[in-house]
Amino acid sequence: MSASHKTAPFELLERLSAHAEPLNPLIAADDPAIAGSVVLSTCNRFEAYLDVSGGSDESRATALVAVRDALAKATGIDGSELNGSYEVTQGAKVAEHLFAVASGLESVVVGEGEIGGQVRRALGEARTQGTTTRDLERLFQRATETQKAVKNSTALGRAGRSLVRLALDLADSRIADWSTMRVLLVGTGSYAAATLAALRDHGVRDITVYSPSGREQFATKHGLSQTSHAAFPTAAATSDIVITCTSREEPVLTAATLAAGGFDGSAFVIDLGLPRNVHPDVGDVAGITLLDLETIRLHAPLEELQATDAAREIVREAASKFAGDRRRQAAQPAVVGLRKHVFEVLERELERGKNREHAEDIAEALRHFTGMLLHTPTVRAQEAAVDGRADEVFDAVETLFGIDVRPHITSAEPPAECPASSDYRAS
């Protein structure tokens, strides 16, 4: 299930992102068919990737209900509120979607660089929470590999701009000299560091930090002055630019805050938070130009078509290879069973003749011969699996050798091309 700026209002996306309780354990606990879960939650995106056992329509439907129920518990959003605001992605399309997300192709600003790290952190959080599976690990690791290929091979990675850099570009035409600007940076998290770097690249020198949680390390580390809770209204009212990027669920800046600080002039307020860090009434204050995520998205420029097309081709090829590798693995239990059976027969015969003259040389030659003999059936089995004919491999091994290896797999059908997915997306 995918909810994004294309299908859902920002207000709903804000509420989806406001979950204090980790969602991976909630999702995995709601349905025994869900083997694993990885939640990707950023300032403008919320997705849950699920590994669903069985792969039937019924199991996928119940998994979707589990995600909605987990969201209801963590955010208070009733499932009915999501109706008409999402799409469902499953099968082979899951890999292509995640690879495109990790590469920045589905972001508000196409090619933005932060998302790759966020995808890696999402997998790390799921590992910590114990909700990953082998298939989800492979899926997310391949996504990171694809993101790096896009970054290194196309202009998209080199031209990709972060949200804050785009916001500063939008303000650039109204600012004659960035070095004279007094900037208040609200927030001290990982996104604040990217914001600080962008400001310094623009030549900003006067930067003050306000931490709603009272953290002092960020300002000390970067050699910045820091304002207190009591002085925050005055600092906000006397700054030329206020940029907010915190994880607080309630707005940290309101019209009342500016009034308390004695605002009487003009200023840019850039809100990079989701949920919003800035109350909408700030936009009604005379002299304030408010840029929030929705405004930034509307002004996001189209990237070079050539770079975007090249990036999407890399994503498609990576997704196709991932699906092929998954199908190839479908016949692995049959191949392993066949080789085990043949080598067990060989070893029994070698045991019977171990006291014969030149027994060691004969054994070595027969093991080599047996390996060579099994090479072609192994290759043919993998090729059949890639073509979607893994069942024929199991049938052939059982018919010719009397080996039933089907109990070694989780269901009578071959594994799906990639994990089933239920995801909320805000890009």
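Analyst: Let us begin with a definition: a residue is buried under 20% relative accessible area, exposed over 50%, and partly exposed in between (1.4 Å probe, protein chains only). The model is predicted, so local features need pLDDT of at least 70 and side-chain atom pairs count only at pLDDT 80 or more, while totals for chains, interfaces and linings use all residues. Residues are numbered from 1 along each chain as its sequence is written, and side-chain values use heavy atoms, with hydrogens and water left out.

User: Why is Asp240 called buried?

Analyst: Asp240 has a relative accessibility of 18%. Buried means under 20%, and Asp240 therefore counts as buried.

User: How do you know that Arg182 forms a salt bridge with Asp240?

Analyst: A salt bridge requires a side-chain nitrogen of Lys or Arg within 4 Å of a carboxyl oxygen of Asp or Glu. The closest N and O atoms of Arg182 and Asp240 are 3.5 Å apart, and the pair forms a salt bridge. This pair links distant parts of the chain, 58 residues apart: Arg182 is in strand β3 (residues 182–186), and Asp240 is in the loop between α11 (232–237) and β6 (241–244). Arg182 itself counts as partly exposed, at 40% relative accessibility.

User: What makes Arg15 and Glu81 a salt bridge, and where in the chain do Arg15 and Glu81 lie?

Analyst: The closest N and O atoms of Arg15 and Glu81 are 2.8 Å apart, and the rule asks for a distance within 4 Å. Arg15 belongs to helix α1 (residues 10–17), whereas Glu81 lies in the loop between α3 (57–75) and α4 (92–102), so that the pair, 66 residues apart, links distant parts of the chain. Helices (H or I, at least four residues) and strands (E, at least two) are DSSP runs, numbered from the N terminus. Arg15, at 29%, counts as partly exposed, and Glu81 is partly exposed at 35%.

User: What separates Lys340 from Glu344 in helix α15?

Analyst: Lys340 and Glu344 are 4 residues apart in helix α15 (residues 332–352), and are therefore separated by about one helical turn. The side chains meet in a salt bridge of 2.9 Å, N to O. Glu344 counts as partly exposed, at 37% relative accessibility. By the same rule, the count comes to 12 salt bridges.

User: Why is Glu137 called buried, and which residues does Glu137 touch?

Analyst: Glu137 has 16% relative accessibility and therefore counts as buried. Glu137 lies in helix α6. Contact means heavy atoms within 4.5 Å; not counting residues up to four places away in sequence, Glu137 touches Leu123, Arg127 and Thr132.

User: Why is His358 called exposed, and what is noted about the phi of His358?

Analyst: His358 has 52% relative accessibility, and exposed means over 50%, so His358 counts as exposed. His358 lies in the loop between α15 and α16 (359–386). The phi of His358 is near 60°, a positive value in a residue other than glycine. Most residues other than glycine have a negative phi.

User: How do you know how many residues of the chain are buried?

Analyst: Of the 427 residues, 49% count as buried. The secondary structure of the chain comes to 17 helices and 8 strands. Among contacts between residues at least 6 apart in sequence, 73% join residues at least 24 apart.
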